[in-house]
Amino acid sequence: SSIHKAKPIDTMLSMTRRDFVPTLAGLGAVSAGATAQTVKLKGRIKQGATRGCFGKGMSMEDMCKHAANLGLKGIDLVGPDTFATLKKYGLVPTMVPGAMNLAGGCNRKEDHAQLLPKMREIIDLAAQAGAPNVIALSGNRRGMSDQEGMDNVVAFLNQVKKQAEDKGITICLELLNSKVNHPDYMCDHTAWGVEACKRVGSPRVKLLYDIYHMQIMEGDIIRTIRGNIQWIGHFHTA
């Protein structure tokens, strides 16, 4: 699942077990198809979910019905082919996949000419759909130094940041673990991602902070989030 950044981070940390267990029970009842009224959330955070949270085989139509009943704001990691269905249920695409894949991100200058028009197109489509975010991926190291990779990522993001600013879209550079799930992925530490964002220097270029991945790489999640919250645009909580 995913969370848009909430300004007061302490509110995310204040849910008690008493609050949390009934919430889980309510979510389970609705997602299992039980008849229920729309869940009323407190609104302290804006929460979405990915397709995987709904299990296999569910249509986008049914997924959107459930998401709306759960009080979610939208669905993460869905492309333009889903935008009309989301809109039908009052949802938005909360994180739109960008122009790159996990292995071949934007850390190689020779790939920029191919990636730039795709990234510009997806920013425009995301803005038209009312989406807040588009993903950027560093790509794998493949023998490249982290410093050279950062130079190239920053160069790429500098070429699309003005469009993102004009369209009200936040480009989120995704943090992933390279120990277990994504061997050789370059943007695998918060400090590296933060430095890249600082060098780009745009309010519309931030991090997609995945708590699962950064727990594997670094631990000390709460302190890291508090110390870098201004550079984080979106959370994945799986």
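Two residues are said to be in contact when heavy atoms of theirs lie within 4.5 Å. The structure discussed here is a predicted model, in which local features need pLDDT of at least 70 and side-chain atom pairs count only at pLDDT 80 or more, while totals for chains, interfaces and linings use all residues. Residues are numbered from 1 along each chain as its sequence is written, and side-chain values use heavy atoms, with hydrogens and water left out.

Leaving aside neighbours within four places in sequence, threonine 224 is in contact with Thr190, Tyr209, Glu218 and Gly219. Threonine 224 counts as buried because its relative accessibility is 14%, the term buried meaning under 20% relative accessible area (exposed is over 50%, partly exposed in between; 1.4 Å probe, protein chains only).

After helix 7 comes glycine 201, with a positive phi near 65 degrees.

The structure has one aromatic pair, where rings of Phe, Tyr and Trp (its six-membered ring) pair if their centres lie within 6.5 Å, and planes under 30 degrees apart count as stacked, over 60 as edge-to-face and the rest as tilted. The rings of tyrosine 209 and phenylalanine 235 have centres 6.0 Å apart and planes at 70 degrees, so the pair is edge-to-face. Because tyrosine 209 lies in strand 7 and phenylalanine 235 in strand 8 (residues 232–236), the pair ties together parts that are 26 residues apart in sequence. Phenylalanine 235 is likewise buried, at a relative accessible area of 0%.

The cysteines come next. With a disulfide taken as a pair of cysteine sulfur atoms within 2.5 Å, the count is zero. The sulfur of cysteine 172 has its closest cysteine sulfur in cysteine 197, 8.6 Å away, which is too far for a bond. Cysteine 172 is buried, at 0% relative accessibility.

Cys64 belongs to helix 3 (residues 60–69), whose buried residues are Met60, Met63, Cys64, His66 and Ala67. Seen down the axis, these fall within an arc of 165 degrees, so they line one face of helix 3; the arc is that of the directions from the helix axis to the C-beta atoms. Just after helix 3, glycine 71 takes a positive phi of about 85 degrees.

Methods
Helices (H or I, at least four residues) and strands (E, at least two) are DSSP runs, numbered from the N terminus.
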